[in-house]
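Subject: Structure handover

Hello,

Please find the structure below, with notes on what was found in it. The notes follow in the order of sheet, helices, core and loops.

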Amino acid sequence: MSSQAERNKAIVLDFYDKGLNQKDFAAASKYLGTYIQHNPTAEDGPEGFRKFLEFLKTTYPQSHSEITQVFVDGDFVILHVHAVREPGTRGNAIVDIFRLKDGKIEEHWDVVQPIPETSKNKNGMF
């Protein structure tokens, strides 16, 4: 992996932990550039991300996201995540895609799938 790819990976991992797990906008926001949001339920820009973290703090203060896989392709960092908003629940399987430019997160896409109670195979989602 190139040094730039390693740097992008480190940026996204720190951003994710500071933002989604610690819910610390000030610490996470240093990594945000324009932050074009492709999730139709979230607002664009750093202010949209701040509002999302406030929602998590208020509504799901114990939420936690475990990154199970990380993929890097140039300016793109892709995470496979097990996100649990309330302890004791199955949570969601999420794929988060981030595009970086000059060390800042410029764009975000995500796909969210609830973890079902049963599965037709024994492979698991992670």
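**The sheet**

Glutamine 37 stands opposite histidine 108 in β5. A word on sources: this is a predicted model, in which local features need pLDDT of at least 70 and side-chain atom pairs count only at pLDDT 80 or more, while totals for chains, interfaces and linings use all residues. Residues are numbered from 1 along each chain as its sequence is written, and side-chain values use heavy atoms, with hydrogens and water left out.

Helices (H or I, at least four residues) and strands (E, at least two) are DSSP runs, numbered from the N terminus. Two strands count as paired if DSSP finds at least two bridges between them.

The open sheet has 5 strands, in the order β1-β5-β4-β3-β2, and its pairing is mixed. At its edges are β1 (32-37) and β2 (64-73), each of which pairs on one side only. From one strand to the next the twist averages 25°; axes here are lines fitted to C-alpha atoms, for helices over the stretch in contact, and angles run from 0 to 180 degrees between N-to-C directions.

Strands β1 and β5 (residues 104-114) run parallel and are joined by 3 bridges. Opposite leucine 32 stands isoleucine 105 in β5. The pairing of β4 with β5 is antiparallel, over 10 bridges, and alanine 93 has glutamine 113 in β5 as its bridge partner.

**The helices**

Helix α1 (residues 3-21) lies across β1, β2, β3 (76-84), β4 (92-101) and β5, and runs at about 165° to β2. Against helix α3 (residues 45-59), α1 packs at an angle of about 50°, with the axes 9 Å apart. The two helices are therefore oblique to each other (angles under 35 degrees count as roughly parallel, over 145 as roughly antiparallel, 65 to 115 as roughly perpendicular and the rest as oblique).

Which residues make the contact? From α1 they are Phe15, Gly19 and Leu20, and from α3 they are Phe49, Phe52, Leu53 and Leu56; contact means heavy atoms within 4.5 Å. By class, this contact has 6 nonpolar residues, 1 polar and no charged ones (Ala, Val, Leu, Ile, Met, Phe, Trp, Tyr, Cys and Pro count as nonpolar, Asp, Glu, Lys and Arg as charged, and the others, Gly among them, as polar).

**The core**

A nonpolar core is a set of buried Ala, Val, Leu, Ile, Met, Phe, Trp, Tyr and Cys residues joined through side-chain atoms within 4.5 Å. Buried means under 20% relative accessible area, exposed over 50%, and partly exposed in between (1.4 Å probe, protein chains only).

The largest nonpolar core has 20 residues, of which Phe15, Phe49, Phe98 and Ile105 touch the most other members. At least two residues of this core come from each of α1, β1, α3, β3 and β4, and α1 gives the most, with 5 residues. Leaving aside neighbours within four places in sequence, the contacts of phenylalanine 98 include Val12, Phe15, Tyr35, Phe76 and Ile105.

**The loops**

Lysine 23 lies in the loop between α1 and α2 (25-29). Its phi is near 55°, a positive value in a residue other than glycine. Is lysine 23 buried or exposed? At 6% relative accessibility, lysine 23 counts as buried.

The hairpin of β4 and β5 has 2 residues between the strands, and aspartate 102 in the turn has a positive phi of about 50°. Aspartate 102 is exposed, with a relative accessible area of 67%.

Proline 87 is in the loop between β3 and β4 and counts as exposed, at 53% relative accessibility.

Regards
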